[in-house]
Amino acid sequence: MKNSSLLWYRLDLRVHDNEALYEAIRWNNEVIPVYVFDPRLFEGKSRFGNKRVHARRAKFLIEAIEALRLTWREMGSDLIVRIGHPEQVIFDLAREFKSYMVFCNRERTRDEVHVQDSLEQNLWTIGQEMRFTRGKMLYYTQDLPFPVTHTPDNFSAFRKELERIIPVRAVLPMPDSISPIMQSFDPGIIPTLEQLGYDENIQEDETMIKGGEEEGLKRMKEYIWAGEGLKKYRSKDNTISDPLYSSMLSPWLSIGCVSPKAVYHEIKSYESIRGSTESTQSLITELLRRDHCRLIAKKYGDRIFQRGGITQKISETNPEEKYLFKIWKEGRLGIPLIDAAMKSLARTGFLPYPLRNACAQFLIHTLKVNWLRGADWYEANLIDYDPASNWVNWLVLSGLLPDAGEDKPVSINFLN
């Protein structure tokens, strides 16, 4: 057992069921947790000139980091926070602390892969290594009945191959104790929205949800166990405006404040007492969809971000697409349902899945606007943005994923 290691938090902002944390503790006496706010994410522009992360999504992330730091301090340690390029900041900290290894959750999409590969190459120059773990999926890739490259493009086929024959592993235990950081260190300051380059004044209201592990687990428990929660999930007798229509777990799942395995086993505990229902199975199905999107993203790589998608079929777009996209995103089409949904997205950073689906399909198939514009706008605005879920599902809705078939009428993101 070596002396110390760095735990690089990415999209796994929790202590429960965190394999990177679990492995770091198993291998080292001293675990030094770090989170880095990458200015490229907050200051950068997308290919269409949009801010990559809008203020409400950034606020949710800041709240999650504040909650994570509080958890570590309650355990007798601390969370080091920095602003900068992670591939350089983590490297500098590894050299400063003379750590043995850097543990982190492996990401699968373009920008995240570039950062982790660059960091790994930097660490090699000082004789340190990275130990990658998984934390975003319900299933472990080594448990799958097929290699990732053979993942079925059709979700129904994927589901049939998995859910009845592959068990979901148990949730990893919370650490019994955490050793304090013994070396001297500067914990750093968690930045404000203003320090990240935002000038928006976000008004608190009842529609806003708060970031953080405790908040996410609280929502999970309340939704599954309290009152009518899970009974009303996607109920045909329910309306979209009902707060129990959707679980709204997706924001916490997207940045890893809640583990998908924790949600799965909570549902199974519910079923063991109250029985399996259409609602419980529907919620589990959405966990499976998240895995499918992540595997498709790994299977096809950067092609999920390309105009022609996987099939490379490029449809003609409306000559007025820039104007149409502008009034679509601003909720000025003159179509009440679409307009109300897009204004709600701008105000809250969230939409129930049927509205996301309806708005996306209207943009693609009725307005004939390049689907990339819509996917890019959802990336910026949704507080539950997940690269794989967002981009793969826009591909599905656009008919650009081979053999998608019956998968077309699905949500843009899951467990919302």
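A: Start where a helix stops. This is a predicted model, and in it H12 is followed by Gly349, whose phi is positive, near 75 degrees.

Q: How many residues does helix H12 have, and what span does it reach from its first C-alpha to its last?

A: Helix H12 covers residues 336-348, which makes 13 residues, and it reaches 18 Å. That is close to the 18 Å expected at 1.5 Å a residue.

Q: Which residues of H12 are buried?

A: An α-helix has 3.6 residues a turn, so residues three or four places apart point the same way. In H12 the buried residues are Ile338, Asp339, Ala341, Met342, Leu345 and Thr348. They pack against H3, helix H11 (321-329), helix H13 (353-366) and helix H14 (371-381).

Q: Which residues have the most contacts inside the largest nonpolar core?

A: In soluble globular proteins, nonpolar side chains tend to be buried together. Here the largest nonpolar core has 64 residues, and Tyr9, Leu13, Phe37, Ile65 and Trp72 have the most contacts inside it. Helix H3 (residues 55-74) supplies the largest share of this core, nine residues. A second, separate core has 41 residues, among them Ala297, Cys359, Phe362 and Ala375.

Q: What is Phe37 in contact with, leaving aside neighbours within four places in sequence?

A: Its contacts include Leu61, Ile62 and Ile65, as well as Val81, Ile190 and Leu196.

Q: Is Glu107 buried or exposed?

A: Glu107 counts as buried because its relative accessibility is 4%, and the cut-off for buried is under 20%. Glu107 lies in the loop between strand S4 (101-105) and helix H5 (110-124). A polar contact of 2.9 Å links the side chains of Glu107 and Asn105.

Conventions
Residues numbered from 1 in each chain as written. Predicted model: local features only at pLDDT ≥ 70, side-chain atom pairs only at ≥ 80, totals over all residues. Heavy atoms only, no water. Core = buried A, V, L, I, M, F, W, Y, C linked by side-chain atoms within 4.5 Å. Buried < 20%, exposed > 50% of the residue type's maximum accessible area, 1.4 Å probe, protein only. Helix = DSSP H or I, 4+ residues; strand = E, 2+ residues; numbered from the N terminus. Contact = heavy atoms within 4.5 Å. Polar contact = N/O pair within 3.5 Å; in protein donor to acceptor, adjacent residues only side chain to side chain. Expected span 1.5 Å × (residues − 1).
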